[in-house]
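Please keep the sequence and the model in view while reading.

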Amino acid sequence: MEKKRRPLLAANWKMYKTLSEMEKYLSSFLGLVAGIDDRDIMLAPNYTCLNRMVELLNGSNVKAAAQNMFYQDEGAFTGEVSPGMLLDIGIDIVIIGHSERRHIFHEDDELINKKISSAISHGMTPVFCIGETLDEREAGETSHVLENQIRLGLKGLKNIDIHKIVIAYEPVWAIGTGKTASLEQIQEAHRLVRDRVRELAGEDIAENLRILYGGSVKPANVKDIMSLDDVDGALVGGASLEPESFARIVRFEDN
Ligand code: PEP
């Protein structure tokens with residue numbers, strides 16, 4: 001399947017896997033995806049696995065990413081990790097504003113904007129997550145919610161900065177629930193995201209922007225989802241926890 005933009009298949013392991021479980025995963029996964037060079041593959045484990053994962057991925061076609069970070073360089077921020085600490089161990093991709101950060105840890109658009117700006121100013125790639133809740137969708141507010149999240153999340157950024165961002169559209173009601181948005185809902189939301197970015201940053205940046213879909217992606221639905229015009233990859237939680245399953249997703253294998 002020929003895509004306009006280089007696909008990115010990203011795994012979000014959330015708060016799963018110990019160091020030894022991560023090592024076992026990689027000993028199988030790296031073989032399953034060896035030689036794939038027409039798409040980007042990314043794994044975001046918890047912080048305690050990151051350093052070792054970077055070492056194990058050295059020379060492979062898979063990159064490690066962080067699930068979150070704080071925006072300050074250093075200071076009295078107990079429990080937080082800075083951009084410099086991630087860069088120090090070779091991490092330059094970071095998920096920002098995941099719905100679990102927004103809803104469980106009450107991160108708001110202002111904080112998310114600070115984190116995105118900080119990631120950019122440190123030369124990192126933020127994977128900026130947006131998405132509506134079920135109530136918002138049922139109240140017909142999806143476009144309004146997505147527009148607001150984009151406007152506030154990217155506030156103050158220059159076009160050249162927006163160029164470095166990946167956006168992940170993840171309807172909250174489809175994350176970890178087994179419910180996938182319909183293909184029409186996904187394409188409509190992705191088109192809207194690209195249109196808003198076009199208004200903010202121009203044609204070139206919008207056309208090159210990678211927009212990932214997240215929400216119960218699995219081998220059985222990845223091929224159809226990836227066939228949509230404005231879908232450039234996937235952010236995968238549950239189905240990325242088994243190497244065979246995520247490798248099939250990476251390959252867009254539906255059987
Ligand atoms: C996610 O964690 O971003 C996600 C989409 O999870 P799941 O694939 O389990 O719905």
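Strands are DSSP runs of E with at least two residues, numbered from the N terminus, and two strands pair if DSSP finds at least two bridges between them. The model is predicted: local features need pLDDT of at least 70, side-chain atom pairs count only at pLDDT 80 or more, and totals for chains, interfaces and linings use all residues. Residues are numbered from 1 along each chain as its sequence is written, and side-chain values use heavy atoms, without hydrogens and water.

Strand β6 comprises residues 166–169. Four bridges link β6 in the parallel sense to strand β5 (residues 125–130), and four bridges also join β6 to the parallel strand β7 (residues 210–214). Tyrosine 169 of β6 is the bridge partner of isoleucine 130 and stands opposite tyrosine 213 in β7. Both faces of β6 are covered, with Val166 and Ala168 buried on one side and Ile167 and Tyr169 buried on the other; buried means under 20% relative accessible area (1.4 Å probe, protein chains only).

Which residues come nearest to the ligand? Among the 14 residues around the ligand, these are Lys14, His98, Glu170, Gly176 and Ser216; a residue belongs to this set if one of its heavy atoms lies within 4 Å of the ligand. By class, the shell has four nonpolar, eight polar and two charged residues, where Ala, Val, Leu, Ile, Met, Phe, Trp, Tyr, Cys and Pro count as nonpolar, Asp, Glu, Lys and Arg as charged, and the others, Gly among them, as polar.

A polar side-chain atom of histidine 98 lies 2.8 Å from a ligand oxygen atom, and a backbone N or O atom of glycine 176 lies 2.6 Å from an oxygen atom of the ligand. The protein covers 96% of the 290 Å² of accessible area that the ligand has on its own, as computed by the Shrake-Rupley method with a 1.4 Å probe.

Key
Polar contact = N/O pair within 3.5 Å; in protein donor to acceptor, adjacent residues only side chain to side chain. Buried < 20%, exposed > 50% of the residue type's maximum accessible area, 1.4 Å probe, protein only.
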